[in-house]
Amino acid sequence: MMDFIQKEILGMNWLNRLVGNILSRMGVDITSPVGGSLQFFFYDVVKITILLCTLIFVISYIQSYFPPERSKKILRKFKGVWANTISALLGTVTPFCSCSSIPLFIGFTSAGLPISSTFSFLISSPMVDLGSLVLLMSIFGGKIAILYVIFGLVIAVVGGTFIGSLQMEDQIADFVRNAKNIELDIPKLTVKDRLNFAKEQVEETFKKVFPYILIGVGIGAVIHNVIPEEWIQKLLGTNNIFGVVIATLLGIPIYADIFGTIPIAEALLAKGAQLGTVLAFMMAVTTLSLPSLIMLKNAIKTKLLAVFVAICAIGIILVGYLFNFLQPYIM
């Protein structure tokens, strides 16, 4: 049953067969590099779009119960590692990309929440969300998806705790530290209001994300059917001990979210890249994208930014190597 759910419901293998049949009837040879690329492209675009809209709607409905004011009140009830853990968990129901998380991080920091908690949230929000859990299940299966989320939360909690121990509050930009905290009433929403909010989030996020889906699937199609397998294996396979480090560094300049990186990861894995190497690439893209770091530089000073990047990169690399070690047992 679980295999059926993963392959036919989440993975939508039936859609892949349907796209292949349609292309074949149109005279396209789907066994050729070009035909295979077309099948991969149309199948993944449609599949990810369906999952994207469904997941954003569900997660946005859940998110409507956690507006910033309520989240602040929840976080104030906890101290120490527990506060960091709750912050990381709250990050799982926030927007999908790192740039969208930064305004919330600024708001939480301005409200006087501990720096350790706000950074646990900042790391968790783009790296680990409910969408990533479902998407990863559709490609890699339940075990890998759950471990990805657990390891991502560990990075967020440990990273936030470590940053808090350094007592670097003076590295927060002055405009954030000196901002006046205005307490607003938590809006009372009806079910209709929440449904409308979820619908608006689907429309808004789809417009922003869809171009990156097309780019990501296009790159994935080229990797899947054009780039020789031996190239991928040489660079990111078992024979290259530095594959995880290379994948992490390659992912940092790229701006995308989980929906844009999934097809690339899927194609790399099919071509012989190691599991941990692929997942490290995904984590780096979603957490340490260059545009988000540029935005974050306006809210924190260079020293703290360097610490944040170092902690995330080291955590991602360690998790990548751990996944590579576990690959024979979980795949």
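This is a stop-by-stop tour of a predicted model of one protein chain.

**Whole chain**

The protein chain has 17 helices and zero strands. Its radius of gyration is 20 Å, close to the 20 Å given by the globule rule for 331 residues, so the chain is as compact as a globular protein of that length. Turn the model along its principal axes: the C-alpha atoms fill a box of roughly 65 × 50 × 35 Å. Of the contacts with a separation of 6 or more, 83% are between residues 24 or more positions apart.

**Surface and charge**

Switch to a surface view. The protein chain exposes about 15500 Å², and carbon and sulfur atoms supply 69% of that area. Next, colour the charged side chains. There are 24 positive and 19 negative ones, and the centres of the two sets lie 6 Å apart.

**The nonpolar cores**

Hide the surface and look at what is covered. Buried residues make up 51% of the 331 residues. In soluble globular proteins, nonpolar side chains tend to be buried together. The largest nonpolar core here has 86 residues. Select Phe-119, Phe-140, Phe-259, Leu-279, Phe-308 and Phe-323, which have the most contacts inside that core.

Centre on Phe-308. Setting aside residues up to four places away in sequence, Phe-308 touches Phe-119, Leu-122, Ile-123, Ile-163, Leu-288, Leu-293 and Leu-296. Then select Leu-75, Leu-90, Phe-108 and Leu-113: these are among the six residues of a second, separate core.

**Leu-51 in helix α3**

Move to helix α3, residues 33–63, and pick out Leu-51. Is Leu-51 buried or exposed? Its relative accessible area is 8%, and since the cut-off for buried is under 20%, Leu-51 counts as buried. Show its neighbours: beyond four places in sequence, Leu-51 is in contact with Leu-10, Met-12, Leu-135 and Ser-138. For a sense of distance, draw a line from the C-alpha of Leu-51 to that of Ser-110. These two residues are 59 apart in sequence and 35 Å apart in space.

**Gln-167 in a loop**

The last stop is the loop between α9 (142–165) and α10 (174–177), where Gln-167 is found. Check its backbone angles: Gln-167 has a positive phi of about 50° although it is not a glycine. With a relative accessible area of 63%, Gln-167 is exposed, whereas Leu-51, at 8%, is buried.

Note on methods: Residues are numbered from 1 along each chain as its sequence is written. This is a predicted model: local features need pLDDT of at least 70, side-chain atom pairs count only at pLDDT 80 or more; totals for chains, interfaces and linings use all residues. Side-chain values use heavy atoms; hydrogens and water are left out. Helices (H or I, at least four residues) and strands (E, at least two) are DSSP runs, numbered from the N terminus. The radius of gyration is taken over C-alpha atoms; the globule rule is 2.2 Å times the number of residues to the power 0.38. Buried means under 20% relative accessible area, exposed over 50%, partly exposed in between (1.4 Å probe, protein chains only). Contact means heavy atoms within 4.5 Å. Accessible areas come from the Shrake-Rupley method with a 1.4 Å probe; for residues, only the protein chains shown count as cover. Lys and Arg count as positive and Asp and Glu as negative; His and the chain ends are not counted. The place of a charge is taken as NZ of Lys, CZ of Arg, CG of Asp or CD of Glu. A nonpolar core is a set of buried Ala, Val, Leu, Ile, Met, Phe, Trp, Tyr and Cys residues joined through side-chain atoms within 4.5 Å.
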